[in-house]
Amino acid sequence: MDNYSNFAEANLSTGYDDNDTALVVATGHGARLPAAPFNAIWYDAAYDRPALDPDVEIVRVTARSSDNLTVVRAQEGTTAADHNTGGHTYILLATLTKKFTQDVAPIDDPTFTTKITSPEIDVSGTGSGAQIFGGADSGAVTLTVEDDAGSASFKFPVSTGNKVLATRDGEGLPVELFFAVGDETTSLTTGTAKLTFRMPFAMVLTSVRASLATASSSGTPTFDINVDGSTILSTKLTIDATEKTSVTAAAAAVISDDDLADDAEITIDIDVAGTGAKGAKIWLIGTRGVASTPPSFDPFEIGFNFRSSSGYVTDGTDETYVRAVDTFPTTRVQTFGWVSTSPSDADRSSGVDRRFAGVNYTQPTEDRTFQLTLPEAGVYAVRLALGDQSASGHVYAEVYDNTTLLFTVADATTSTAVFADSTNAQHALVDWAANNTARVETFASTTFKLKVGLSTQSNYYTIAHLRVTRVG
């Protein structure tokens, strides 16, 4: 993937003909550009935007040393042209081009296994993407994608008001849109719709910026951004007198509507022109995708810590203990319990993680069923810790939606203080919390059943912890 940086714009020091490949930008402008390699748009600043220049060209910068560039001409379907009209200023703009978007485009129909590590949600499946929702106050979700070659992590912001970023079919990528409002040599004038364009894709806006080629000697240039005729700024975008950037403005812009729909009409107003200000640019910065509200369901999460004594350790606020004597229907927070015949139970150690402080276990040649009443049908993440912190043993479990088998944790042996999760993976006690993986299943009923043990085997089967979380 090419390198990139914000506000990567440089003026050429002189004119060049259509076969020049060694370019020099204005003194100090090379530092504005990213490290090579990258593609850049070469255009005449006499035009309001690059697309209007009939000789606009995309070049590939293969080397940069201070203000000296080496380029390959005529990239991405453009034609090498002369850029040397007398008295004109030419700009090299390193911004989003077709090549960059293709470089970061999603792989068609990948098979993926992902873990969102903050907040902790698991998603597995096959297809071109998944839609993932974070909590109302989570700030961001971190998505870790793993395959045979390794893993990579990406952080996606979650906006306020319970809005979240859709990360589906290539959405969720950071994106910046740059627009010129006027030319480089004409002083700004006030007016509405000084620039009009339509969004090329949906975008969640996180910040806006403005810059000038020539600062205002007095007065504060002020810009408004409108979507389909309505402002999206509760505090307008300003550049203080004698300054060239909104980054240093005394009053920062405040975004009141961050949801920019695909093909929405965007207009830029100049409310205050200042004195002698020239070369205005507007930047829209955010993430590609749509802001949307999570599915409408009531949050639900409960954890069960299996042991012998209720007060042996202190359970978490969304947890409760389960003893052999807790038969269905026992009600503590939710209705649950062992069905028909109970297993055995034991306290192990109060000095370890509360989830592994004890066990419930089956005797040889028996199995036992634990039942939980869910608040309603839906999609739930199921986490298991099967094993014993004080002894080696056997694990086996089946999870049912009432009478329908959803998944099985295969019969296996575990070492002391090693626990099997819902996907048959085994983790040491100290690693389980960070590394266990949930199974995400759809329940058509409100009856969750967990069978522990195999009646056909002469083994002891143990369970330490169960957590059930609604995710859809």
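Visitor: What does Arg368 touch, not counting residues up to four places away in sequence?

Guide: Arg368 touches Trp338, Thr341, Ser342, Pro343, Thr362, Leu450, Lys451 and Val452, with residues up to four places away in sequence not counted. Contact here means heavy atoms within 4.5 Å. The model is a predicted one, in which local features need pLDDT of at least 70 and side-chain atom pairs count only at pLDDT 80 or more, whereas totals for chains, interfaces and linings use all residues. Residues are numbered from 1 along each chain as its sequence is written, and side-chain values use heavy atoms, with hydrogens and water left out.

Visitor: Why is Arg368 called buried?

Guide: Buried means under 20% relative accessible area, exposed means over 50%, and partly exposed lies in between (1.4 Å probe, protein chains only). Arg368 has 14% relative accessibility and therefore counts as buried. Its place is in strand β30, residues 368–373; strands (E, at least two residues) and helices (H or I, at least four) are DSSP runs numbered from the N terminus.

Visitor: What makes the pair Arg368 and Glu366 a polar contact?

Guide: A polar contact is a pair of N or O atoms within 3.5 Å; within protein, one must be able to donate a hydrogen and the other to accept it, and residues adjacent in sequence count only if both atoms are side-chain atoms. The side chains of Arg368 and Glu366 are joined at 2.7 Å. The side chain of Arg368 also reaches the backbone oxygen of Thr341, at 3.4 Å.

Visitor: How do you know that Arg348 and Asp388 form a salt bridge?

Guide: The term requires a side-chain nitrogen of Lys or Arg within 4 Å of a carboxyl oxygen of Asp or Glu. In Arg348 and Asp388, the closest N and O atoms are 2.6 Å apart. Arg348 lies in the loop between β28 and β29 and Asp388 in the loop between β31 and β32, so the pair ties together parts that are 40 residues apart in sequence. Arg348 counts as partly exposed at 31% relative accessibility, and Asp388 as buried at 4%.

Visitor: Which other residues take part in salt bridges?

Guide: The structure holds 20 salt bridges. Among them, Asp326 meets Arg332 at 3.1 Å, N to O, and Asp326 is buried, with a relative accessible area of 3%. Arg355 meets Asp353 at 2.8 Å; Arg355 is buried at 15%, while Asp353 is partly exposed at 25%. Glu301, Asp318, Glu319, Arg354 and Arg467 are linked in a network of salt bridges.

Visitor: What makes β28 and β29 a pair?

Guide: Two strands pair if DSSP finds at least two bridges between them. β28 and β29 are joined over four bridges in the antiparallel sense, and Ser344 stands opposite Tyr361 in β29.

Visitor: Why are β1 and β2 said to stand at the edges?

Guide: The open sheet of six strands has the order β1-β6-β3-β4-β5-β2, with antiparallel pairing. β1 (9–11) and β2 (22–24) each have a single partner strand, so one side of each is left without a neighbour in the sheet. Within this sheet, β3 and β4 pair over five bridges, and Ile41 has Ile58 in β4 as its bridge partner.
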